[in-house]
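Work through these exercises with the model open beside you. Try each task before you read its solution.

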Amino acid sequence: MDDISITLWRFVRGDLPVADFEAWLYGHQDLEQELGEGLYMELISFNYQDQGELFVLRRKLGAFLRSALKCECVTLADMATVPMGCDGLDKRVFATVRPCKILEHRWWLSLNRCTACGQHWMVAQEERIYDDYFMRRLNDVEAREILNSNRWPDDFSTYERVLRVGRQLSTACRFFDDLAGSLVWTAQDLRKERPDITAQEIADLIGVSSDHADRLLAAQ
Ligand SMILES: [Zn+2]
């Protein structure tokens, strides 16, 4: 994928600050050829302070760029949430993104590589509380460190960290059963992983009250 498309996608997915995008835009007259006159004119005459319209513009540009895609990598934020099931994004992502290294003692974690574009991703599969894949884009040095030296970036190094990302980027599932296995195992695993974690901290991570977390910790 060429540098122009990569930059346009970084803007669409929100990884490139708007001011940087504007500066880049005015320095690239050759964009008109790539985007067509109408879309190009819209981009250069747009009021980038208008947050509501900015959302519409990003969607429009994303739809235009999508026709040239071979995989979903470039559409995903550098730290991305991919819901399990839902709108089928997970199927489209994992049609080309495949695991190439897993760790037995961190069952949620894997290194993945896209067979279409070669992008490496560190993926945390969180199917207990958030029902999401959390994906961190890796550069070549980081991927090599994992493959050659088994040294992983620490974003998903513990289950607590994975849930912290979940809390930031997603919404915890609601459970009909107060003592559902997923809740009990997670609360108790968090305590095992870090014995001084408080019930309140656990409650925040899994989206329940502090009293509820106490009951999960006491469950047999
Ligand atoms: Zn890809």
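**Exercise 1. Describe the second largest pocket: what is its volume, and which residues lie nearest its centre?**

Solution. 
- Step 1: Start with the volume. In this predicted model, the second largest pocket has about 310 Å³.
- Step 2: Turn to the lining. It is made of 14 residues. Nearest the centre lie Trp9, Arg13, Arg66, Thr75 and Leu76.
- Step 3: Trace the elements. Two or more lining residues come from each of α1, α5, β1 (79-83) and α6 (89-94). The top contributor is α5, with three residues.
- Step 4: Sort by class. Seven lining residues are nonpolar, three are polar and four are charged.

**Exercise 2. Classify the packing of α8 against α10: at what angle do their axes cross?**

Solution. 
- Step 1: Recall the description. Two packed helices are described by an angle and a distance, both taken between their axes.
- Step 2: Read off both values. Helix α8 spans residues 159-169, and helix α10 spans residues 199-206. Their axes come within 8 Å and cross at roughly 55 degrees.
- Step 3: Apply the cut-offs. Angles under 35 degrees count as roughly parallel, and 65 to 115 as roughly perpendicular. The pair α8 and α10 is therefore oblique.
- Step 4: List the contact. From α8 come Glu160, Leu163, Arg164 and Arg167. From α10 come Asp204, Leu205 and Ile206.
- Step 5: Sort by class. This contact of α8 with α10 has three nonpolar, no polar and four charged residues.

**Exercise 3. Classify the packing of α8 against α9: which residues meet?**

Solution. 
- Step 1: Read off the values. The axes of α8 and helix α9 (residues 181-193) come within 9 Å. They cross at roughly 125 degrees.
- Step 2: Apply the cut-offs. Roughly perpendicular covers 65 to 115, and roughly antiparallel means over 145. So α8 and α9 are oblique to each other.
- Step 3: List the contact. Tyr159, Glu160 and Leu163 of α8 meet Thr186, Leu190 and Glu193 of α9.
- Step 4: Sort by class. The contact of α8 with α9 splits into three nonpolar, one polar and two charged residues.

**Exercise 4. Check the confidence: which element has the lowest mean pLDDT?**

Solution. 
- Step 1: Take the whole chain. Its mean pLDDT is 94, and 100% of its residues reach 70 or more.
- Step 2: Compare elements. Helix α3 (residues 31-35) has the lowest mean, 89. Strand β5 (residues 132-138) has the highest, 98.

Conventions:
Residues numbered from 1 in each chain as written. Predicted model: local features only at pLDDT ≥ 70, side-chain atom pairs only at ≥ 80, totals over all residues. Heavy atoms only, no water. 1 Å grid on protein atoms, 1.4 Å probe; cavity = no way out; pocket = protein on both sides within 12 Å on 5 of 7 lines; lining within 4 Å. Points joined across faces, edges and corners; volume = space filled by probe spheres on them. Helix = DSSP H or I, 4+ residues; strand = E, 2+ residues; numbered from the N terminus. Nonpolar A, V, L, I, M, F, W, Y, C, P; charged D, E, K, R; others polar. Axes fitted to C-alpha atoms, helices over the stretch in contact; angles between N-to-C directions. Contact = heavy atoms within 4.5 Å. pLDDT = per-residue confidence, 0-100.
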